[in-house]
Amino acid sequence: MKLIIPGELTDLNTYISAERSNRYAGAKIKREMTDYITMLAKCLKTQFRGPVRLTYHWYCKDKRKDKDNIAFAKKFIQDGLVNAGVLKNDGWNDIEGFNDRFYIDKANPRVEVEIIELIPEVFAEWD
């Protein structure tokens with residue numbers, strides 16, 4: 001299953017700057033970003049009940065932002081997936097792990113999130 005999120009999401013430096021400027025600004029960014037992801041994720045009409053592995057494909061318009069600042073947006077994405085009912089939760093028992101891949105696409109910045117449900121019996125054997 002793949003979720004495609006058009007555009008670039010708020011990065012960590014922008015979020016921190018907002019938090020420092022006004023105590024409500026960070027909460028507003030988190031709510032707006034999470035609501036945006038929730039809206040997009042509801043279109044998937046899929047629910048995963050077992051543990052999943054997430055692969056994030058970050059298509060950026062340029063290399064001006066550090067990769068760790070960009071990948072901070074995972075928080076908004078995972079919370080949006082839970083709010084939309086796509087994921088049961090985003091805790092240790094629900095997300096086995098995630099990978100990040102970074103690309104440049106000046107014309108079409110976006111995030112593509114691959115969601116792979118793990119077979120619980122097989123996953124238990126990995127422990």
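Buried means under 20% relative accessible area, exposed over 50% and partly exposed in between, with a 1.4 Å probe and protein chains only. The model is predicted, so local features need pLDDT of at least 70 and side-chain atom pairs count only at pLDDT 80 or more, while totals for chains, interfaces and linings use all residues. Residues are numbered from 1 along each chain as its sequence is written, and side-chain values use heavy atoms, with hydrogens and water left out.

1. Threonine 34. At 5% relative accessibility, threonine 34 counts as buried. This residue lies in helix α2; helices (H or I, at least four residues) and strands (E, at least two) are DSSP runs, numbered from the N terminus. Leaving aside residues up to four places away in sequence, threonine 34 touches Phe76, Asp79, Gly80 and Asn83, where contact means heavy atoms within 4.5 Å.

2. The expected span of a helix is 1.5 Å times one less than its number of residues. For the 18 residues of α2 (residues 25–42) this gives 26 Å, and the end C-alpha atoms are 26 Å apart, which agrees. The buried residues of α2 are Gly26, Ile29, Met33, Thr34, Ile37, Thr38, Leu40 and Ala41. They cover an arc of only 165 degrees around the axis, which puts them on the same side of α2; the arc is that of the directions from the helix axis to the C-beta atoms. Among the elements that cover these buried residues are β1 (2–6), α1 (12–21) and α4 (74–83).

3. Strand β1. The covered face of β1 holds Leu3 and Ile5, and the uncovered one Lys2, Ile4 and Pro6. Strands β1 and β4 (residues 110–117) run antiparallel and are joined by 5 bridges; two strands pair if DSSP finds at least two bridges between them. Opposite proline 6 stands arginine 110 of β4. The charged end of arginine 110 sits over the ring of tyrosine 59, 3.7 Å from its centre. The criterion for a charge over a ring is NZ of Lys or CZ of Arg within 6 Å of the ring centre and within 35 degrees of the ring normal.

4. Aromatic pairs. Rings of Phe, Tyr and Trp (its six-membered ring) pair if their centres lie within 6.5 Å; planes under 30 degrees apart count as stacked, over 60 as edge-to-face and the rest as tilted. The count by this rule is 7 aromatic pairs. In one of them, tyrosine 56 and phenylalanine 98 have ring centres 6.3 Å apart and planes at 75 degrees, so the pair is edge-to-face. Tyrosine 56 lies in strand β2 (residues 52–60) and phenylalanine 98 in strand β3 (residues 95–104), so the pair ties together parts that are 42 residues apart in sequence. Tyrosine 56 is buried at a relative accessible area of 0%, whereas phenylalanine 98 is partly exposed at 39%. The rings of phenylalanine 72 and phenylalanine 76 are also edge-to-face, because their centres are 5.4 Å apart and their planes at 85 degrees. Phenylalanine 76 is buried, with a relative accessible area of 1%. Ring pairs also link Tyr56, Trp58, Phe98 and Phe102 into a cluster.

5. Lysine 45. Lysine 45 lies in the loop between α2 and β2. Its phi is positive, about 50 degrees, although the residue is not a glycine. At 76% relative accessibility, lysine 45 counts as exposed.
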